[in-house]
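Subject: Structure for your review

Dear colleague,

Please find below the structure that I am handing over to you. I would be grateful if you could read the notes that follow it with the model open.

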Amino acid sequence: MLLGFIIATIVITLSPGPSIILLLVVSLRRGAMAGIKYSAGVISADTILISLSLLGLGALMQSSVLLFNAVKWAGIAYLIYLGIKQLRASADVDVAAAEVSASPYLQGLGTTLLNPKAIGFFVAFFPQFIDPNQAFWPQLMLLGPLFLSMVFVMFSIIAVLASHTKLLFESRGGQQTLKFGSAFGLIGSGFAAAFAQRV
């Protein structure tokens with residue numbers, strides 16, 4: 001299950017969205033260090049949102065395992081929905097249209113905190129990798145920091161790559177690869193989680 005969590009985290013982190021697009025913009029225009037500062041802002045916001053989400057999940061699990069499992073199945077459906085939505089979306093990443101603020105850290109923090117879908121996503125994502133038959137908080141103390149660490153490392157790598165080359169992120173082929181790879185990864189994560197629920 002831990003390997004599945006790592007793979008799903010990689011896929012979701014690389015999925016095109018507001019955070020990754022702004023990361024590319026900041027890194028392309030202001031360099032790798034600005035991109036890393038932006039990434040630190042995103043991680044700070046994610047830490048707050050994940051804490052709120054998982055505190056709610058902990059309370060839910062303690063009150064009703066049945067309800068917790070219902071949330072897990074809703075999360076499976078949500079992951080598959082995100083994958084299908086990604087398939088139908090445009091592959092074009094318009095880095096020229098986005099704006100860069102004076103503080104990359106604050107931009108990363110604000111963009112992520114003000115995303116109304118973030119808490120809903122974390123509530124849908126994490127239950128897929130939590131075993132209700134095991135102690136909840138030890139699992140949480142492993143998955144939460146692991147998720148945050150992986151996102152920061154991947155964002156930092158992207159920042160360095162983007163600051164040195166525009167080919168991967170501005171070419172049509174690169175954007176198509178990013179789009180379809182993330183879409184099928186999300187759908188696959190959903191089906192893999194569904195299969196795991198029956199084992």
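The notes below go from the overall fold to the core, and then to individual helices and residues.

Please bear in mind throughout that this is a predicted model.

Overall fold. The protein has nine helices and zero strands, so that the order of elements from the N terminus reads α-α-α-α-α-α-α-α-α. It comprises 199 residues, of which 45% count as buried. Considering contacts between residues at least 6 apart in sequence, 86% join residues at least 24 apart.

Core. The largest nonpolar core contains 35 residues, and Phe125, Phe126 and Phe147 have the most contacts inside it. Two or more residues each are given to this core by α1, α2 (18-30), α3 (32-63), α6 and α7 (136-164). Of these elements, α7 provides the largest share, with ten residues.

Helix α1. This helix covers residues 2-14, and its 13 residues should span 18 Å at 1.5 Å a residue; the end C-alpha atoms are 19 Å apart, which agrees with that expectation. Which residues of α1 are buried? They are Phe5, Ala8, Thr9, Val11, Ile12 and Thr13.

Ser53 lies in helix α3. Is Ser53 buried or exposed? Its relative accessible area is 3%, and Ser53 is therefore buried, the cut-off being under 20%. Leaving aside residues up to four places away in sequence, Ser53 touches Ile119, Phe122 and Val123.

Ile119 belongs to helix α6, which runs over residues 118-125. With a relative accessible area of 34%, Ile119 is partly exposed, because this value falls between the limits of 20% and 50%. Ile119 is also one of the residues of a nonpolar patch on the surface, which it forms with Ile48, Leu52, Leu113 and Leu114. Together, the residues of this patch have about 470 Å² of accessible area. Ile119 thus has a place in the surface patch and is also in contact with the buried Ser53.

With kind regards

Definitions and conventions: Residues numbered from 1 in each chain as written. Predicted model: local features only at pLDDT ≥ 70, side-chain atom pairs only at ≥ 80, totals over all residues. Heavy atoms only, no water. Helix = DSSP H or I, 4+ residues; strand = E, 2+ residues; numbered from the N terminus. Expected span 1.5 Å × (residues − 1). Buried < 20%, exposed > 50% of the residue type's maximum accessible area, 1.4 Å probe, protein only. Patch = residues over 30% accessible without salt bridge, like charges linked within 9 Å, V, L, I, M, F, W, Y side chains within 5 Å. Areas by Shrake-Rupley, 256 points an atom, 1.4 Å probe, with all protein chains shown as cover. Salt bridge = Lys/Arg side-chain N within 4 Å of Asp/Glu carboxyl O. Core = buried A, V, L, I, M, F, W, Y, C linked by side-chain atoms within 4.5 Å. Contact = heavy atoms within 4.5 Å.
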